[in-house]
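Open the model in your viewer and keep the sequence panel beside it. The stops below say what to select next and what is there.

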Amino acid sequence: MKTVKLGLIGAGGIAQAHCRAIADIDGAEIIAAADVVKENVERTANRWGISKTFTDYNAMLKMAELDGVLVCTPTAVHGPPTVAALKAGKHVLCEKPMEATLKAATEMVRAAHETGKILMVALKLRYSPQVVKAKAIVDAGVLGDIYYAETVADRRRGNPGGSFIRKATAGLGASADIGVYALDTALYLMGHPKPVAVSGITSNYLSLHNTWNPALKETEVEDFGAGWVVFDNGARLVFKTCWCMNMDSLGGTIFLGTKAGLRIGVGEVRGPQEGVTIYRDEFGEPITISVPTGGSVDLFKTEDTAFVDAVREGKPSPIDPDGMLLTNVIIQGVIDSSEAGGREVEVTVPTF
Ligand SMILES: NC(=O)c1ccc[n+]([C@@H]2O[C@H](COP(=O)([O-])OP(=O)(O)OC[C@H]3O[C@@H](n4cnc5c(N)ncnc54)[C@H](O)[C@@H]3O)[C@@H](O)[C@H]2O)c1
């Protein structure tokens, strides 16, 4: 079996989870790492036995033996290394969300199309037993046509602070950090319908005026976002996310179909209950089915294995970047609508 040789760009927090996962995968190896902060790249290289280090990822991308790279830079810095890597002929696994702006995310997908290289966004919940089971249920036609959904990723007190609250590094707040999991889960289960219009609201009032952590008063991005999304197939989606709120829950993630409804609770896509539940009529009575989803899964190892296998076997991206781009279209719509006083804005899905 050919060993897939990888480079790492950005050697901070989440890079450690990927280094651990790759170290655990047969036939894959991280042979080089780059970070603008020398101490970060050297510490990571020493910890995981990575032989070559760089402070400029462009220098690392000249290594002919690299098959692919893992982009683990802050969100507003996903675009340039991803595009540079694709253009250097490397496959890319990029951390979520795709990017801070729709424009930057579009350039990433365009580069993937132009180069024919894999661009996978690390949406680890796609590999959770709950999402896998829910997708199988939807694909089997159990729900019929999904005409309405609500999707939620919420925390009562969970503003992460640090680089996550800065426009220069994160670009966006809760919508992109945890909201992207809710949006991706909804779009994936709904079959990626095309969004055509969005109205929304964003706020960072609670972080700016919070009483529990003075450092969070510097939050430059939204700590709350909600949107109403209209799709070209007539379906509607309510999207709600926050890092902090004076409430216990914003509700859960639900799908209403013509034949049945489905509730899912998993990881950041929180709800009143974990797991997958189906609601439908049987023998003229409303019944509720709690679907067994099996044990837990090592999400980083599973998603990194999917990437490595796709690289080795020349398969398409395990997480289609065109579908992922819809999360950016919707988040951008929420931001634009909020800035327009909440009025509905038309959104356009880029074509390539
Ligand atoms: N999948 C998950 O569960 C998960 C969890 C946390 C974070 N993330 C995502 O991972 C990304 C990184 O988050 P983090 O918590 O690791 O951040 P971090 O700040 O800990 O690490 C980012 C690293 O990138 C480096 N960097 C910045 N600009 C660079 C450049 N131009 N070239 C090379 N290196 C550069 C920084 O020096 C730092 O070492 C974010 O997009 C975040 O959304 C994903």
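**Stop one: helix α11**

Select α11 (321–339). Of its 19 residues, 15 are buried, so α11 is largely enclosed by the rest of the structure. Buried means that 20 or more other C-beta atoms lie within 10 Å of the residue's own, exposed means 12 or fewer, and partly exposed is in between; C-beta atoms are placed from the backbone. Helices are DSSP runs of H or I with at least four residues, strands are runs of E with at least two, and both are numbered from the N terminus.

Everything here is a predicted model: local features need pLDDT of at least 70, side-chain atom pairs count only at pLDDT 80 or more, and totals for chains, interfaces and linings use all residues. Residues are numbered from 1 along each chain as its sequence is written.

Now check the length of α11. The expected span is 1.5 Å times one less than the number of residues. Go past the helix to Gly341: its phi is positive, near 75 degrees.

**Stop two: helix α5**

Select residues 102–115, helix α5. Its buried residues include Leu102, Met108 and Val109. The buried residues of α5 pack against α4 (79–87), β6 (119–122) and α11. Gly116 follows α5, with a positive phi near 75 degrees.

**Stop three: α5 against α11**

Show both helices together. What is the angle between α5 and α11? They pack at about 170 degrees, with their axes 9 Å apart. Therefore α5 is roughly antiparallel to α11. Angles over 145 degrees count as roughly antiparallel. Axes are lines fitted to C-alpha atoms, for helices over the stretch in contact, and angles run from 0 to 180 degrees between N-to-C directions.

Select the contact residues next. On α5, they include Leu102, Ala105 and Val109; on α11, Leu325 and Val329 are among them. Contact means C-beta atoms, placed from the backbone, within 7 Å.

**Stop four: the ligand**

Select the ligand. Of the 24 residues around it, Gly10, Gly12, Gly13, Ile14 and Glu95 come nearest. A residue is near if its C-beta atom, placed from the backbone, lies within 6 Å. Helix α1 (residues 13–23) gives the most to this shell, with three residues.

**Stop five: Pro160**

Finish at Pro160, in the loop between β7 (146–154) and α7 (174–177). Is Pro160 buried or partly exposed? Pro160 is partly exposed, with 16 other C-beta atoms within 10 Å.

Note on methods. Two residues are in contact if their C-beta atoms, placed from the backbone, lie within 7 Å. Angles under 35 degrees count as roughly parallel, over 145 as roughly antiparallel, 65 to 115 as roughly perpendicular and the rest as oblique.
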